[in-house]
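Thanks for coming, everyone. I'll walk through one structure today, so please have the viewer open.

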Amino acid sequence: MALLTLSSPHAHGPNATSRIMLTVALATLPGLAVMTWFFGPGTLINVILAGLTAVVCEALVLKARKYPVGFFLKDNTALVTGVLLGLALPPLAPWWITVIATAFAIIFAKQIYGGMGNNPFNPAMIGYALVLVSFPVQMTTNWAVSFQMSGSEVAGLTDTLRAIFAGSADVADVYTGATPLDDYKHLISKETSDELLTRATFNGWLNGGWEWMNLAFLAGGVFLMLKRIITWHIPVSMLAALTLCSLVFGWDHDLYTPTWLHLFSGATMLGAFFIATDPVSASTTPKGKLIYGAGIGILLFVIRTWGAYPDAVAFAVLLMNFAAPFIDAYTQPRTYGHSKARRGLKTGK
Amino acid sequence: MATKSLSEISLDGLWKNNPALVQLLGLCPLLAVTGSVVNALGLGLATMMVLVGSNLSVSLIRNHVSDAVRLPAFVMIIASFVTVAELVMQAFTYELYEVLGIFIPLIVTNCAILGRADAFACKNPVLPSVVDGVMMAIGFTVVLVALGAMREILGQGVIFGNMDLLFGPAAADWKITLFSNYPDFLFAILPPGAFVCMGLLIAVKNLIDADIKKRADARKAPVETGSKRVRVTGKIS
């Protein structure tokens, strides 16, 4: 390298992996702040715990694989996995859920496949799916209720710490409740939409915390798009597919979750801008990204509406991760200088 | 086929050519019923019964059945032994038989058994065939039990639960609770956990093999530092 004479342009590329990943982590901050404000400090603690676990696990595995630990830790990918997982988990989930999910995400979903850039599945969502399948009780009963829904204060720092680290059930009983998606899905068979929406869980538009949280993640996602870290394709096609499905199949709000609830509740915006757009496990061609995003949107609607789970970002993203290499193979753009794009799974020639 | 000594056959079955870890045969029962030690051991013993019986019979008839019809003949033999195993389990360990359910009759489709019949027993005399059957079955059972133990510990925090299904009422209190208050880790109990545990076992085996190879290589070529290369040109006067 020392003997190599470089010609111009001598532009310095600012988009090193570590910088991109740090920007992604920073872009989640508005969402994190909103979640902390509305639902208490549980998410903040989860994010810190998951981030720490992710970095420690990454370092241990890199050490075991005899890789340069410092060099690979500096790319911040483990940190982002931890942060996303911390945001996705229920705010008052016990600490060992966060640790198990993060350790599994880093060790099994990322490093066993070869580390950064080689994982076929989104590590954070693998971790989430693991604990969701394994510990259904803890994963569904620890969603904090915002102070606007409960009409009282959210869990303070000491109560949150007790709930997370000491497993005090009394804290969880006071401050947790069903999420809006869960409530709507299970109660709509008993009540009309108008009756249901007067319940404390919903409390009108922009009054439950969930809408603000999704708007904050939307803002973070737009910031990432402006920084050109993600392209518009996946989020737009995912949200469009979700909207379209819910307008066509779920137009009757006395039977199905309304569109605005689909878009601004649960993990929709976090999923659309931060999870589905993972550069490693997502589709990479422009057309492929549109198909991939639309697939996630459709699956999200299908599982939320007819599946057993109230929210489905993790499963939708993982299912489309399976399809991403196939989609990529069939959506290769035409290379400049070639008359036709080379598509399909044929090798050679 | 060069004849192998009995100890070579044993090593093949137990380690080098282990049906579960190397040949990856019979994965369906392996992954489906290894939720606990007792299930794994029950299925392992049933498989052993069938494998030894089929290897013995196939070896006995090997000079009387033509190549063209050998596979149907093997399948008939294996199916008969599976039926015997099923009836034996119904008679002596009925609860375990009910727990294992469809996976007892499914032993007949276990590729490890047909594989040994076709690859070994039909080409070898009786004694090596029986030894091969026993060793392959032990290798298979050990992996089954290891998987069962891993999944029982990870999934429920206990080990040797419900052993009375297999060993009678005396074994009812063999259960060891490793962690009290353990929240069931459903992933380990469900089939995906079996895949992950299986992968870990294979990784451990490969690790041990690599280590053995490294030691063997180190022993093979003891070149002393400072020793000279052998001269291959020029005259030695």
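Start with the secondary structure of chain A. There are 19 helices and zero strands. Keep in mind that this is a predicted model.

Now the overall form of chain A. How does its radius of gyration sit against that of a compact globule? With 349 residues, such a globule would be near 20 Å, and chain A has 21 Å, so the two agree. Along the principal axes, the C-alpha trace of chain A spans about 70 × 45 × 35 Å. Of the 349 residues in chain A, 48% count as buried.

What about contacts along the sequence? Take the contacts in chain A between residues at least 6 apart in sequence. Of these, 74% join residues at least 24 apart.

Next, the cores. Nonpolar side chains tend to be buried together in soluble globular proteins. Here, the largest nonpolar core holds 102 residues. Which of them touch the most other members? They are A:Met125, A:Tyr128 and A:Val317. The helix that gives the most to this core is H19 of chain A, residues 313-330, with nine residues.

Now the place where the chains meet. Chain A puts six residues into the contact, and chain B puts in five. On the chain A side, helix H7, residues 123-134, gives the most, with three residues. By type, the chain A side has four nonpolar residues, two polar and no charged.

Over to chain B. Its own helix H7 covers residues 126-156, which is 31 residues. From first C-alpha to last, H7 of chain B reaches 43 Å, close to the 45 Å expected at 1.5 Å a residue. After H7 of chain B comes B:Gly157, with a positive phi near 75 degrees.

Last topic: confidence. The mean pLDDT of chain B is 84, and 94% of its residues reach 70 or more. Where in chain B is confidence lowest, and where highest? It is lowest in helix H8, residues 164-167, at a mean of 74. It is highest in helix H4, residues 70-92, at 91. Where pLDDT is low, the predicted coordinates should not be read in detail. The model scores ipTM 0.77 and pTM 0.85.

Methods: Residues are numbered from 1 along each chain as its sequence is written. Chains are lettered from A and ligands numbered from 1 in the order in which they are written. This is a predicted model: local features need pLDDT of at least 70, side-chain atom pairs count only at pLDDT 80 or more; totals for chains, interfaces and linings use all residues. Helices (H or I, at least four residues) and strands (E, at least two) are DSSP runs, numbered from the N terminus. The radius of gyration is taken over C-alpha atoms; the globule rule is 2.2 Å times the number of residues to the power 0.38. A residue is buried if 20 or more other C-beta atoms lie within 10 Å of its own, exposed if 12 or fewer, and partly exposed in between; C-beta atoms are placed from the backbone. Two residues are in contact if their C-beta atoms, placed from the backbone, lie within 7 Å. Ala, Val, Leu, Ile, Met, Phe, Trp, Tyr, Cys and Pro count as nonpolar, Asp, Glu, Lys and Arg as charged, and the others, Gly among them, as polar. The expected span of a helix is 1.5 Å times one less than its number of residues. A nonpolar core is a set of buried Ala, Val, Leu, Ile, Met, Phe, Trp, Tyr and Cys residues joined through C-beta atoms within 7 Å. pLDDT is the predictor's confidence in each residue, from 0 to 100.
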